[in-house]
Amino acid sequence: MDFSGLIAVIVVFAAIGGLVGIGFLLWYLWAMARLFPRIGLPAAHGWIPLWNDWRLMERTGLPGWIAILYVVPVGNVVAVVFRTIAQHRIGREAGVGAGYTVLGLLIAPLWATLMGSRLEGRVLAAPGGVGGASHGAAGYAPSQAQGFPS
């Protein structure tokens, strides 16, 4: 039995899949580099894989080191959940709904592209300072700011 035709088809599909994967990666990195200045982070950090998700999570008050779990089997699910939470927090700051969160979970490069376009001309202030963790839950003011005694 000659499997050379089957092997050729497999190689072609693997090459096409690899090129599509590289294309999605480059799209995501470009979109993150475009989004980062609009959320108070350096654009250069958006071009670095893993570091860009680390910074995105830190920007929203989540532990950035969770991004390391992308390289751990099954741990990558935890990293995706944390990135989705970070995307939701950025979306809330930008005034978009939960549909953007779902989009960020399913097609992260498209989420970053649309958020970058939506925030054109504005910069969202980072909670707790640029890249710093906030005190308390992101999006909520400390009790003193609401007039409650401490």
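Tutor: A residue is called buried under 20% relative accessible area, exposed over 50%, and partly exposed in between, with a 1.4 Å probe and protein chains only. This is a predicted model, in which local features need pLDDT of at least 70, side-chain atom pairs count only at pLDDT 80 or more, and totals for chains, interfaces and linings use all residues. Residues are numbered from 1 along each chain as its sequence is written, and side-chain values use heavy atoms, with hydrogens and water left out.

Student: Why does Glu 120 count as partly exposed?

Tutor: Glu 120 has 48% relative accessibility. Partly exposed covers the range between the two cut-offs, so Glu 120 counts as partly exposed.

Student: What makes the pair of Arg 34 and Glu 120 a salt bridge?

Tutor: A salt bridge requires a side-chain nitrogen of Lys or Arg within 4 Å of a carboxyl oxygen of Asp or Glu. The closest N and O atoms of Arg 34 and Glu 120 are 3.4 Å apart, and the pair therefore forms a salt bridge. Arg 34 belongs to helix H1 (residues 4–35), while Glu 120 is in the segment after helix H5 (108–118), 86 residues apart. Helices here are DSSP runs (H or I, at least four residues), numbered from the N terminus.

Student: Which residues are linked with Arg 34 in a network of salt bridges?

Tutor: Arg 34, Arg 38 and Glu 120 are linked in such a network. Glu 120 forms a salt bridge with Arg 38, where the closest N and O atoms are 3.1 Å apart. Arg 38 lies in the loop between H1 and helix H2 (51–59) and Glu 120 in the segment after H5, so this pair ties together parts that are 82 residues apart in sequence.

Student: How do you know whether Arg 38 is buried or exposed?

Tutor: The relative accessible area of Arg 38 is 15%. Because buried means under 20%, Arg 38 is buried. Arg 34, at 21% relative accessibility, counts as partly exposed.

Student: What is known about the salt bridge between Arg 59 and Glu 93?

Tutor: The closest N and O atoms of Arg 59 and Glu 93 are 2.8 Å apart. Arg 59 lies in helix H2 and Glu 93 in helix H3 (residues 75–94), so the pair ties together parts that are 34 residues apart in sequence. Arg 59 counts as buried at 0% relative accessibility, whereas Glu 93 is partly exposed at 30%.

Student: Why is Leu 106 called exposed?

Tutor: Leu 106 has a relative accessible area of 65%. Exposed means over 50%, so Leu 106 is exposed. Leu 106 is found in helix H4 (residues 98–106).

Key. Helices (H or I, at least four residues) and strands (E, at least two) are DSSP runs, numbered from the N terminus.
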